[in-house]
Structure formats: C-alpha cells, structure tokens
Amino acid sequence: MTTAPERTEPTPLAPGAPKSGTTFLGLPTAPRGVGHLRGDRSFPDAARGALRDGQLRANLGHATSTIRAKRAAVVGEVPDWEQLRQAGKALKTATMARLDEHLVELERQVTARGGTVHWARDANEANAIVTRLVQATGTDEVVKVKSMATQEIGLNEALEDAGITAHETDLAELIVQLGDDAPSHILVPAIHKNRAEIREIFLRTMPQFQGPDADRDLPAEPRRLAMAARTHLRERFLRARVAISGANFAIAETGTLAVVESEGNGRMCLTLPQTLITVMGIEKLLPTWQDLEVFLQLLPRSSTGERMNPYTSMWTGVTPGDGPQEFHLVLLDNGRTAVLADEVGREALHCIRCSACLNVCPVYERTGGHSYGSVYPGPIGAVLSPQLTGVEDNASLPYASSLCGACYDACPVAIDIPSILVHLRGEHVEAQERTTPEAVAFKALSKAMSSPRLWHLAQRAAGLSRFLARGKPTMPSMLPPPVSGWTRSRDLPTPPRETFTQAWAREHGAQS
Amino acid sequence: MRVALFATCLVDTVAPQVAMATARLLERLGHEVVVPAGQACCGQMHVNTGYRREAVPIVANHVRAFAGAEAIVSPSGSCVASIHHQQAMVLRRAGEEELAAEAEALAGRTYELSQFLVDVLGVTDVGAYYPHRVTYHPTCHSLRLLRVGDRPLQLLRAVRGLTLVELPAAEQCCGFGGTFSVKNADTSTAMLTDKMANVLSTHAEVCTAGDASCLMHIGGGLSRLRSGTRTVHLAEILASTEDAVSPHQTTQPAIPAGTAEVSA
Amino acid sequence: MTSAREEVLGRIRTALGENRPEVRVPRDYRTADDRPAEQLLDVLLDRLEDYKASVLRCGPDQVGATVAAALDTGLGAGWDPGAVVVAPGVPAGWRPDGASEDDGRPAVELAAFAATLTGIAVAIAETGTLVLDGGPLSGRRAISLLPDCLVCVVEAGQVVGGVPEALHRLDPNAPLTMVSGPSATSDIELQRVEGVHGPRTLVVVLVA
C-alpha cells in the first residue's frame, strides 16, 4: 500500500478517557540517555537474531522447562493458592490507592529507627544521590546485591564514571558482569548462558584462575562453578565498607525492608559493611507487617519454585551492634507515577519481580530477554518498560506477545498482562500523528465490517484473489507485504468461491 | 432451541465449511439454526491490534445483527472470548454505555460450540463417526479465557471410529496470535515449528481445535511442509457421520457438494 | 524549587486523582494450622531434609550430646571446640565444652570460626524455615552467616504451621533472618545446588 501520510480526525474520546502520549497528565516518564529501559532495535528485529541462535534456544528451553515444572509442583501443594493470589492482588491495589500516604509513613518509620530517606525523581537523581553517599564514606568500591531498580537506572555505569567500582555479588549478575554481558531475565540474569559458557567466563576473568601457578581445574558443574564464585567474592565481602541493595518489600507501618535471596550474598551485603544504601521503586511498598504473610508465600514459589528461598533478610533502620550502622533508603520514581496515572496500565506496578511470567511465556522462551531491549523482559517487561519510558520509546514491545494468556495464569498477583498489552497497543495507535498504511487498512476494514452491504462487497473482493491461485488449493507463496509475513512460512488457503453466509442465503433465503 | 450462528469473519470468508458443519450438527441435534445476515466480525482483530476506536462500529454492528437472539453459537473460542471480555469494554471506553449493556447481555447468551453442546444442550455424544487418528490442540483463548477445559475432549472421545492421541505440550501457544503472526512473523514461526513438531510426533492424520484461525496457522505450516497431516475444525469432526465421510478422507462431511469445495 | 520529595508525592496525587478506590482485601487464606504438634514436627523435618539440611531429633535432656553429634555431622569427628562460636543466649547445657561465646568482636573476624551454634525464634513447618531474630538465643546476624557450618537448636514449642503464624510471633523491629536450608543457588540453568556464600552445611537439632 502506498498512501501519502495525511492527518486524520481522531474519533472523539469519551469523557474521562486518558489521553494517549508519553506523559499522562503531564507526569514525566523515565528520562532518555540513562539506564537500561530502551533497546536500540525493535523487538522483531532483535528477536530475528536470537531465534537463529541454537545454543541460546537450547539454554532457554532447558532452563524455563526446568523452572516451570518446579513452580507447578510447589504451587500445586498450596491448597489456598488462589486465595493468596487474590489477597496479593487486592493488597497491591489498596497500596497503590494510598501510595503517597504509605510512603510518608515509611519515611517516618525508617527515620525514627535511625535510617535516612532520600527521594529521587528519576534515574539521574537516584544515581547522583547514591554516588554522593558512597563518596562521603571515602571508599572507591561497593558490593551489590542483585537489584532490578539499580539495573534500571544504570547505577553501575554512574558509579564507574565517578571512579567507584561496583562488584555484583549475585552469581548470575556476576556472570553477566564478568562476561561484559547484559541481563536477560529478572531472576536469573544469566539464564541465556549454560554451564560450559559460564565456566569459560570464569576461567577467563577470575583472578584465581590467572597466572602460571593457578589451578585451572574447573569442571562445568553448577556446584563447582558456585564454589568458584564463593572464592572470588569472599575477600570482597569481608573488606567491603559500603553495600548497595534493592528491596523486595518495604513495610510502611514498621519501616521494615525485606530482601529475598538464595546464596547468602545478600546477607553478606546487608550485614557486614558499615554503610547500606537501598534503592527501591516507590511501588514496592506494603502497608502492614501482616501483609508480608501473603507475599512471602507467593514470591518464592513463583520465582525459584521453592517453598521458601534459602535466605530472607528483614531489617528496620539501624540495629546497634548488629549490621550496618548507617542506612540510606532511596525512593525512586523514574516513570512510576506516569504508570500510576493510567487506570488500566497501573496494574503493572503490582509486579513483585518473581519472573513466573517469563518462564511460562512462549515468546520469551524462544527469543530470550535481550530481544526486549530493557532490563525488564518477558510479558511483564512488555507492559512495564513502555509505560515507564512512554509507549513510543518502546513501541514494539506491546506487540511482542501472541496474547496466549499463560502469563496471567502464572502471575502470583494476578496482573492481567494480556489486557494491558492490548491497552498499550491502543495507546500506541492513538499516539500516531501520521496515518500509517496499516491504519488506513484497519480504518477501511472497520468501515466494511460495520455495514453488511460493504462487508459482502469486501468478502467478494477477497474471494476474487483466488484467481491468483490459478486453481491451486493454496495461494502463491510470493505475495507482497504484509501478506508475505504470513506466506514466508505458511501456506494461505485459496478463498472459496462462495462464503458461508452466501451459501446459507442461497439455501434458506435471507434471515435476520 | 432456535440457535443463531455467528460464523465469524474468517470462517465465513475463507473456511465456510466450518460454519456449515456447525449448522448441520446443530440441526442434526434437533435445533433450528438461523444465520443473521447482518453479521460480520466481533471486532477482536481491531481491538487486539490497537484499533479500539475503529472497533466500536464493528462491535455495534455485531450487537445489532444478533439483537433478540435467544442463543448465539460460534465455532471460534477466541471470537467468543472477545465477545465476553472485550466488546463491552471497548464500547464503554467510547462512551457507549447503552450499547455496552446490550453487548454484555448478548455476551451472556453467546457460547463457544463445545460449551454450548456440553453445558447448554447437555450432550457429549453427538452421534458422529470419524474413523481417523486425531490429536487435539487446545487453543489459548478457549483454554485460558473461556476455560472450556476438557469439553472438546469429551466430545471427541464419544465420536465413533475416532482414535484420539494426546498432543505433547498441548497447552503451548501455536504462535498465531492474530496480527502477531505477521508483525512478529519470525517468533510466530518459531512457535509454530514447535507446535508442528509435537503434532507430527503423534502421527495423527488430523489436528483439530476449536478455532479456525489457529488451525489456518497450524494447517498453513503443515501444508507448507507437505507433511500430509491436515487440520480439521472440531465442528467438522462432530458433523461427520457414516454417510458423510468420503472414502479418501477429505473430510467434507455432511455438507452438500459445492458449498465448501475450493475451486477457482 | 520544590524538593524531590514534594514533587514525587505531588505526582502520585495527580496520578491518583480525586476518586481513589476503596479496596477490600480478602483474607480467606489459611492463617492457622490445626494439625497436631507431632505432625507439624514431621512436616518440618521432611521439609528441612528436602532442602538438604541434616536433622537430628532428641529429648530435652539430650541436647548437649546431640549438638556434639550435629557438629560431628557438619565438621567431621575430632572437631576443635574452640572453632565453634556460640550465640550469647544459648543455654550452657547445649554448648560443647570449650566453645567460644560471641564477644561482639568485629563481624568479619567471625569468618575464622568453623561452626556456629544458635537457637532460633520461630520455625515454620510447611516451608522448612528457621527464623533468627537477632536476640541472645539467635545471636547477631553475622554469626549465623560467616562460619561454614550452622547448627540450630529448635524446640518443639517454637514450631508453627505456616508463614502467617510465624510473622505474628515475630517483632518487625528486630533484624530478622529466615533460613531455609543451606545457602543455595539456582542461577546456573535454574538447577538448584547447595552451597554458595552462606553456610554450606545446616544441621538442625530438633528437641521434642
């Protein structure tokens, strides 16, 4: 189709319907040029390369099928799973409805218990706050607990610019950092690497394996690789003066923060250094201590497929004689309030970062996380990233789903991801200022499908295309776009001479 | 019962034999079938591609076309799911409150074929005969939006002569996804390839499902591979009888010659 | 210029607008477990072992001997009592002769010990979880972290069925650590293997 771009009059919006665009109600989205929320290619382009990578496909297929089975087993043994899920959903909805009040209460409680609370409008401000806090301690290295928020804002790069080295301590983050790679999964950022590839990275980069006398005996066994990471990080933990973490939950009523982990690297960071800096998105809040009873059941079973993860640390401000004596909490917006302004899309803020939706997603399983271009991949990333950045900065992501619905079923807080995807597609389409060929086609089709007379004409026209098939049961495979998208891999049946409704009318006469 | 048949735009235009089979089946079970002439599309493709404003008049046409129908049956899980989950929402968003209420009422009377047979009519043995080796793909919207569960399997198990073989990883999406199949053609093809591998591993002659759209996708892939395994809609299998299955198994059951044959 | 705090709070108010939904939270999930205590102990034991902790059961008068046996399990026979650090509130009868009590030395120096002996605050049967609360019996967080072998004594009265009952018993202001098995990771091919940074051996002495 070759249609000159033209402006069209949009259908008037209903009163109260949010305007499309990158900033709802004028609320700013996450700034460009900092952090990792935007890819440099569209999803279909990035996916095309990933789909050809047989090793990647094998690694992802193996890992996701392993975790799917584990999750199904431990969820299956909880008789009140659906009740917990609905409680989790309601708790998050309630939290968002009073988010300002809960944040103020959290600040009050943390401050009362000896912590300091900082507010960051966006990634740049959060990075500046953390950098300043680290510099104030006089150290030039920090240890980090895996945290999506700090990945999102590009904190490691900001620290590096200030001459501060950040050591990732989560095994998967370490693999990514040592391999000079990018995370591809929320829970297991190195899911795209298999044991042999990890072994190669360790042997190549870890100081313990360098030099003429080094013992380079490292079998590609998960246990031995984990041991190598233990050796690599042990000394760093013991000498660290500053740690940076994220938070899985913060309790407004008590000022308590919680980090859920497996390896003990989190405990090392949260316990040994003198100073702890926690960067947390403003949506991670829960109103009361009791609310944790729901989420500490939902999260581990949904994420690692365990009844409970090996370690959960909870702390409130500063405890004299136990753990860091200086505690800073950085509360991060970075587009979250823009998400909150969208009555449909705000449900994405309920996410507890378990990754269950990634692990069940047939698209993620085949394309991997890098195709999404954001630190938040998979189904939740496809609804979260475009909202944090403004949908036009991640316009291909809402379409990166077949809307199969497996993510919604797996989500422990019942986020209706398919509906949000569809909603964001609408936001994207309505944000277009110029008419695309696709829009022309859909508008024309809309006209036809709204009027039986036009529809029958359109059907007849479609039927005429059967002449292209020249008597064969399928259409030619060389057809122009967008049909070529179909015919490259699938035959297209030749349309029949008569539609069903025509045949029926011929047999029965017109019916109403 | 007087049943209004919603063929769906796709079936009506490119797979008329599916709607015809649905009608023949319902008539064989003793019901009167009407086909409202004003019907076109449920609006799903527009909504799911982002054209929700443009979907409004399509949905309005659908509501008009089926106004007053006692029960509406459609051989498509995803279109029925759209009628249940999207139509009223799209209308409300456009400020069409009254029409939205009508759409909701209509949705309450709209059934996917297997649900209508098992839940409303209370039959699982529809008297069909289909002497083939068949595997069943539960399409995503039937499975997760409509929760049809094992109703299609109950119906298939009661078909005389039919050998039902279990499809490995049955609940995995086939990769169709409407315009996803074109916008993300590579990923869609990767998903299709795995689905086809599973279908072929069953050595079934026929892969069936409750959605003509997914079947067009799976069938298009199987045909491209010249696999010899074909896709047949659940309605066509259930409409088949001893009299109407042709010896060369081209599955044109219970449909008068000429209506469903492909000819140029 | 408005502060970031005022601006973020202002954005939230703008985003939420005037009509904030009133949400009722359904709490019809299980908050109590009426299984008999003996059965809960069996569940706890099963779950601990499933996550690769070793469990030794004993009567209230055999704790000292069983702790010694637990250290045999974790360290091998012939271990040095001086290499065992004990939380300050651990009863004398549980302690091996010659063990060191945590004297509040810099936390990193605790890495020199081979094993740690603590009590716990609460145990959760259904998830195989021990909760340490930083009190005298549990000790500060670093002692249950740095030595490679952790021995925890669990008393029957500390065992509850599920997570809700456990949280109800705990003080949110305390530094809490929930421990479920030895340290582990699923980061390589999502396959769980035990033993990373935290104690690689967890031995539980179940007193009942």
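Q: Before we look at anything, when do two residues count as being in contact?

A: Two residues are in contact if their C-beta atoms, placed from the backbone, lie within 7 Å. Keep in mind that this is a predicted model. Take C:Val86 as a case: leaving aside neighbours within four places in sequence, C:Val86 is in contact with C:Arg95, C:Ala99, C:Ser100, C:Glu101, C:Asp102 and C:Leu117.

Q: Where does C:Val86 sit, and is C:Val86 buried or exposed?

A: C:Val86 belongs to strand β2 of chain C, which runs over residues 84-86. For burial, you count the other C-beta atoms within 10 Å, and 20 or more makes a residue buried. C:Val86 has 26 of them, so it is buried.

Q: How far is C:Val86 from C:Leu9, in sequence and in space?

A: You can read that separation both ways. The two residues are 77 residues apart in sequence, and their C-alpha atoms are 47 Å apart in space.

Q: Which residues touch the most other members of the largest nonpolar core?

A: Those are C:Val151 and C:Val154, in a core of 304 residues. Beyond its neighbours within four places in sequence, C:Val154 has contacts that include C:Ile120, C:Ala123, C:Leu130 and C:Val159. The run C:Val204, C:Val205, C:Leu206 and C:Val207 is also in contact with C:Val154.

Q: What does UniProt list for residues 110-207 of chain C?

A: The record, an unreviewed entry, gives "domain: LUD" for that stretch. In the model, residues 110-207 of chain C are 36% strand and 7% helix, with the end C-alpha atoms 27 Å apart. Chain A has an annotation too: an unreviewed UniProt entry puts "domain: Lactate utilization protein B C-terminal" at residues 433-507. Over those residues chain A is 52% helix and 0% strand, and the end C-alpha atoms are 48 Å apart.

Q: How is chain A divided into domains?

A: Look for domain 1 (44-65 + 336-431), domain 2 (78-332) and domain 3 (437-508). The C-alpha centres of domain 1 and domain 2 of chain A lie 22 Å apart. Where these two touch, 24 residues of domain 1 of chain A meet 28 residues of domain 2 of chain A. On the domain 1 side, α2 (54-76), α13 (336-340) and α14 (356-360) of chain A each supply at least two residues. The most come from α2(A), with four residues. By class, that side has 15 nonpolar, six polar and three charged residues.

Q: What should I look at in chain B?

A: Start with the elements: chain B has 14 helices and eight strands. Its radius of gyration is 18 Å, close to the 18 Å that the globule rule gives for 264 residues, so chain B is as compact as a globular protein of that length. The C-alpha trace of chain B spans about 50 × 45 × 40 Å along its principal axes. Of its 264 residues, 63% count as buried. Among chain B contacts between residues at least 6 apart in sequence, 75% join residues at least 24 apart.

Q: Which chains share the most contacts?

A: Chains A and C do, out of two pairs of chains in contact. No contact joins chain B and chain C, and their closest C-alpha atoms lie 18 Å apart. The contact of chain A with chain B takes 64 residues from chain A and 63 residues from chain B. Several helices of chain A each supply at least two residues to that side, among them α18 (417-431), α19 (437-449) and α20 (452-464). The chain A side that touches chain B has 33 nonpolar, 19 polar and 12 charged residues.

Methods:
Residues are numbered from 1 along each chain as its sequence is written. Chains are lettered from A and ligands numbered from 1 in the order in which they are written. This is a predicted model: local features need pLDDT of at least 70, side-chain atom pairs count only at pLDDT 80 or more; totals for chains, interfaces and linings use all residues. UniProt positions are given in the numbering used here, feature names are shortened, and annotations may be inferred rather than shown by experiment. The radius of gyration is taken over C-alpha atoms; the globule rule is 2.2 Å times the number of residues to the power 0.38. A residue is buried if 20 or more other C-beta atoms lie within 10 Å of its own, exposed if 12 or fewer, and partly exposed in between; C-beta atoms are placed from the backbone. Ala, Val, Leu, Ile, Met, Phe, Trp, Tyr, Cys and Pro count as nonpolar, Asp, Glu, Lys and Arg as charged, and the others, Gly among them, as polar. Domain bounds come from an automatic or database domain assignment. A nonpolar core is a set of buried Ala, Val, Leu, Ile, Met, Phe, Trp, Tyr and Cys residues joined through C-beta atoms within 7 Å.
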